[in-house]
Amino acid sequence: MAHIVITSGPTRQYLDPVRYLTNASSGRMGASLVQAALDLGHQVTVVSGPVSVEYPQQAKVVWVTTTQEMLEATRIAFSTADGLIGSAAPCDYMPEHVQTSKLQKTGNDITIHLKETPDIVATLAASKLPKQWVVAFALETEDVRFRAIVKLSRKACDMIISNSAQAMNSQENNVEVILKGGTILDQLHGPKPLVAHGILRLIDKHLIAQHANT
Ligand code: C5P
């Protein structure tokens, strides 16, 4: 039995108290991964952005809003865990300044300066212990496999799940599972719960079993 932390859903970056940047992530892939991990007997902590999907009751859920909050909550959960699966779609940009009161329309266009948010999986993979493993997802529209392999190495992860943009806010997924070093382990397609079970079985075989004696 392993303790697995799973990030899930989108994050929000506020411009002012009522407006925010976000994306269409539903949290459905995250919820399917949580269920699959529980079904294989693992302990699960989910760190989730705002979603309407429900997580299984046996999982501990930590709710967050922003990417920075997701990083801090995941850092805490991962410090005592064996592995991390980054299935969230955190906002990559945040406004440099968040207005404390609602921006008023003046009839003129406005310019908002955005800066990059921290990368959760890359930050935590960079300081993981030898016994810990990190799995990332990659969603690309072109050069899908190549970009996933580049991302796997750049983020120093142990495995990457490459999927196409149709996965967003959909019931189905179509993924390629790639191990550190570039070995293509499998291609899985179908409803997200089925794909999630396939992914967890590969994580069990190639990461949990391998790290058990570290
Ligand atoms: O670089 P890109 O966003 O395509 O990478 C996707 C992977 O990185 C996913 O596993 C996602 O959960 C993770 N990620 C993250 N923190 C971010 C952006 C992405 O952990 N700020």
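**Aromatic pairs and the ligand site**

Tyr20 is partly exposed, with a relative accessible area of 35%. The model in which this residue sits is a predicted one, and a search of the whole structure finds two aromatic pairs, one of them formed by Tyr14 and Tyr20. The ligand, for its part, takes up the space of the largest pocket.

Aromatic pairs

- Tyr14 and Tyr20 are arranged edge-to-face, with 5.1 Å from centre to centre and 65° between the planes; Tyr14, at a relative accessible area of 26%, is partly exposed, and Tyr20 is likewise partly exposed at 35%.
- Tyr55 and Trp63 have ring centres 5.8 Å apart and planes at 50°, so this pair counts as tilted.
- Tyr55 itself counts as buried, its relative accessibility being 11%.

Ligand surroundings

Polar atoms at the ligand

- A polar backbone atom of Ile120 lies 2.9 Å from a nitrogen atom of the ligand, while a polar backbone atom of Phe137 lies 2.8 Å from an oxygen atom of the ligand.
- From the side chain of Lys155, a polar atom is placed 2.8 Å from an oxygen atom of the ligand.
- Taken alone, the ligand exposes 450 Å², and the protein buries 87% of that area.

Definitions and conventions:
Residues are numbered from 1 along each chain as its sequence is written. This is a predicted model: local features need pLDDT of at least 70, side-chain atom pairs count only at pLDDT 80 or more; totals for chains, interfaces and linings use all residues. Side-chain values use heavy atoms; hydrogens and water are left out. Rings of Phe, Tyr and Trp (its six-membered ring) pair if their centres lie within 6.5 Å; planes under 30 degrees apart count as stacked, over 60 as edge-to-face and the rest as tilted. Buried means under 20% relative accessible area, exposed over 50%, partly exposed in between (1.4 Å probe, protein chains only). A polar contact is a pair of N or O atoms within 3.5 Å; within protein, one must be able to donate a hydrogen and the other to accept it, and residues adjacent in sequence count only if both atoms are side-chain atoms. Accessible areas come from the Shrake-Rupley method with a 1.4 Å probe; for residues, only the protein chains shown count as cover. On a 1 Å grid over the protein atoms alone, a cavity is a set of points where a 1.4 Å probe fits but cannot get out, and a pocket is an open set with protein on both sides within 12 Å along at least five of seven lines; lining residues have an atom within 4 Å of a point. A molecule sits in a cavity or pocket if more than half of its atoms lie within 2 Å of its grid points.
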